[in-house]
Each structure stands twice: as C-alpha cells, then as structure tokens.
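Trainee: I'd like to learn how to read the helices and strands in a model. Can you take me through one?

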Amino acid sequence: MWNASSRIQGQADPALSEEGWVQCQLLGERMRDASLSRIYTSDLERARRTAEAVAGGRPAPILDARLREVDLGEWEGATNARLEQDYPELFKAWLESPSWDLVPGGEGEDAFETRVVAVMTDILAAAAEDDTVAVVTHIGVIRLLLTAIAGTQRNNMRWRWAIHNTSLCSIDSRPDFSAWRAGDVEVVAINDNAHIKMVPP
C-alpha cells in the first residue's frame, strides 16, 4: 500500500494493497507445484502474507524476525518530499551516496548486514543436500545478500540489483555449507517476475 504512495517502509507494517494481494496470488500459483522442504519468512505482514500464498497446502511458514527489512528509524512512513523538507542535509547526502548509516534512529549498515548474514547462514546450514527452501523477505535484504555473494562493496553494488515485489531470486549452496564464505553460494536467478509480466495490464 505504501509503495503506491512512495512512502518509506523499512520495518513499518502496513497492510498489502489490492495489487499486492494479486501479486501474492500469482506467485502462489507459480510456486504451487514446487517441492519445498520449508518456507521461512519475515514476520512483517507483507512478507508473511506472501509466504502463506506460496505455502498453499504445505506446512505453515516459519516466521523469523531477522528476515525483516532494514530498520529505517525516523524515516519510516516518510515520502522523499518530507525527507527533503525535514532532513535536507541528510537527504542530500543520501542522494549523493546512499547509506543506512545516514538514517536517524535506524539500524545502520553493520548491524543490518550482521543480522541478515546470520539468519541466512542458519537457514542454509540447516538445509539437507537435496532440500529446496523458500525464503520470503524484503528488497533490501535480497540486495544485501546478492552483494555479499558477489563479494562487492555493499554501497557500490547494492543499488544496482533490480528487485521487484514478489520476484524470485534463486541461490544454490554447497552441500557442506557451514559459513558464509566466497564460493559457498552461487546465484542462479535474479528478479524472475515472469508470473507478473505474463498478466495483461
């Protein structure tokens, strides 16, 4: 719902819009026949509802608050116009070089990365060799993970990953995965949103 009005969400928890519900159902239909061992999800409603659509008749998704979007502190719920008015210097710095560390009262770069890498390490380490696991999370989380896998500097690369709502990203981890190391995870697909594109406008 906030996407349509260009409001910053972070860990705020607005309800899904009608368009969001439609996208969830389309993703659920696409994933209906996928063989999933487990489904993990952020506990925020927009992710949780998406995970429920993916689950269908399968076991209920496992909620993990560590999969939440980055906490954007005082900026949550704001539009760019409000940020420009209320935080002119910080917003200017953000436009020139985006960094979570600029957000007043926010989680910050290092804490966000530590949290996300920790939860994904736990999820991948718990998966058996033949498991296919779904993780429903947020755009900022996905961009951070892709940056970590690519081994690039996070501020130079994170913003270059195009990730759309309910799109699929696929990764494959080594069978003996035990830590988040270079070469242990490879990217198979990014921003696969064919289930959305196939629907006429």
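Mentor: Let's start with axes: they are lines fitted to C-alpha atoms, for helices over the stretch in contact, and angles run from 0 to 180 degrees between N-to-C directions. Helices (H or I, at least four residues) and strands (E, at least two) are DSSP runs, numbered from the N terminus. This is a predicted model, where local features need pLDDT of at least 70, side-chain atom pairs count only at pLDDT 80 or more, and totals for chains, interfaces and linings use all residues. Residues are numbered from 1 along each chain as its sequence is written, and side-chain values use heavy atoms, with hydrogens and water left out.

Trainee: At what angle do the axes of helix H1 and H2 cross?

Mentor: Roughly 30°, and the axes of H1 (residues 18–30) and H2 come within 7 Å. Angles under 35 degrees count as roughly parallel, over 145 as roughly antiparallel, 65 to 115 as roughly perpendicular and the rest as oblique, so H1 and H2 are roughly parallel to each other. On the H1 side, the contact (heavy atoms within 4.5 Å) is made by Trp-21, Cys-24, Gln-25, Leu-27 and Gly-28. H2 brings Arg-49, Thr-50, Ala-53 and Val-54.

Trainee: Which helix pair is roughly perpendicular?

Mentor: That's H5 and H6. Helix H5 (residues 109–126) and helix H6 (residues 139–150) pack at about 80°, with their axes 10 Å apart. Phe-112, Glu-113, Val-116, Val-117 and Met-120 of H5 meet Gly-140, Val-141, Leu-144 and Leu-145 of H6.

Trainee: Now the strands. In which order do they sit in the sheet?

Mentor: First the general idea: strands of a sheet pair through backbone hydrogen bonds, either parallel or antiparallel. Two strands pair if DSSP finds at least two bridges between them. Here three strands form an open sheet in the order E2-E1-E3, with parallel pairing. Strand E2 (62–63) and strand E3 (133–136) are the edge strands, each pairing on one side only.

Trainee: How many bridges join E1 and E3?

Mentor: Four, in the parallel sense, while strand E1 (residues 38–41) and E2 pair over two. Look at Thr-41: its bridge partner in E3 is Val-136, and its partner in E2 is Leu-63.
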